[in-house]
Amino acid sequence: MKKMALIATKGTLDMAYPPFILGSTAAALGYDVHIFFTFYGLTLLRKDLSDVKISPLANPAMPMPVPMPVFVQMLPGMEAMATMMMKDKMKKKGVASLAELRALCQEADVKFTACQMTVDLFEFEKSDFIDGIEYGGAASFLEFAGDADICLFI
Amino acid sequence: MNVDKELDARGLNCPLPILKTKKSLADMASGQILKVVSTDCGSVKDMQAFANQTGNPLVSQSEENGEYIFFMQKK
């Protein structure tokens, strides 16, 4: 069986998709998949995904309906608005929600490991996270990734 | 073609057509035919890649009025 090992380190909406899309698809193709979530990527394992947002700030490639100067992008509420617009667009285009993709990964036996060090660092509670995940460190990731066919840092 | 099961993947975007195809095949018997209808043009290449990697033959594929129709045989 082929193996894919991913490290998810980002907690923004745009960077949350690749690990779950690749993970669920690889599982559908028969891969054994392991995703290690560390630093801001840990947010993707929380029951409440409302902290996963997108910001137009410092993100010049983000398509905007109207050109928006940087000083406007930093106004309060802009991040929430950009996130709402992006989620709305995704829904219209038939893109799965993060929660849906994450559930599809779990259903397909994709293994999720939360970085214990970052859990301690950010003082997260295990009760903040979804069920069915493991907690480990670099050695446990490397044990799986050592003979993986695909290994990506996202 | 004799179709044993049909999957309506219209309006769904990557990777949902592939994930739903995988799920649909799961409870089918070897040799049965699954028909998939998708509106995602990316699914043309993805369904071929899915077939190549899973060994379920893509018997035929076509396009009709912006819809992509696939016939896949369960291996």
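In the predicted model described here, A:M4 has A:V33 of β2(A) as its bridge partner. Strand β1 (residues 3-8) and strand β2 (residues 32-37) of chain A run parallel and are joined by six bridges; two strands pair if DSSP finds at least two bridges between them. Strands (E, at least two residues) and helices (H or I, at least four) are DSSP runs, numbered from the N terminus.

β1(A) is also joined to strand β5 (residues 150-153) of chain A by four bridges, again in parallel, and A:A5 has A:C151 as its bridge partner there. With helix α1 (residues 13-28), β1(A) and β2(A) form a right-handed β-α-β unit: with the strands pointing away from the viewer, the path from the first strand over the helix to the second runs clockwise.

## Burial of β1

Six of the six residues of β1(A) are buried, that is, under 20% relative accessible area (1.4 Å probe, protein chains only). A:K3, A:A5 and A:I7 point one way, while A:M4, A:L6 and A:A8 point the other.

## The second largest pocket

The second largest pocket has a volume of about 230 Å³. Among its 16 lining residues, A:L22, A:T25, A:A26, A:L29 and B:Q53 lie nearest its centre. At least two lining residues come from each of α1 and β5 of chain A and α2 (43-54) of chain B.

## Basis of the values

Residues are numbered from 1 along each chain as its sequence is written, and chains are lettered from A in the order in which they are written. Local features need pLDDT of at least 70, side-chain atom pairs count only at pLDDT 80 or more, and totals for chains, interfaces and linings use all residues, while side-chain values use heavy atoms, without hydrogens and water.

Conventions. Buried means under 20% relative accessible area, exposed over 50%, partly exposed in between (1.4 Å probe, protein chains only). On a 1 Å grid over the protein atoms alone, a cavity is a set of points where a 1.4 Å probe fits but cannot get out, and a pocket is an open set with protein on both sides within 12 Å along at least five of seven lines; lining residues have an atom within 4 Å of a point. Grid points are joined across faces, edges and corners, and a volume is the space filled by probe spheres set on the points.
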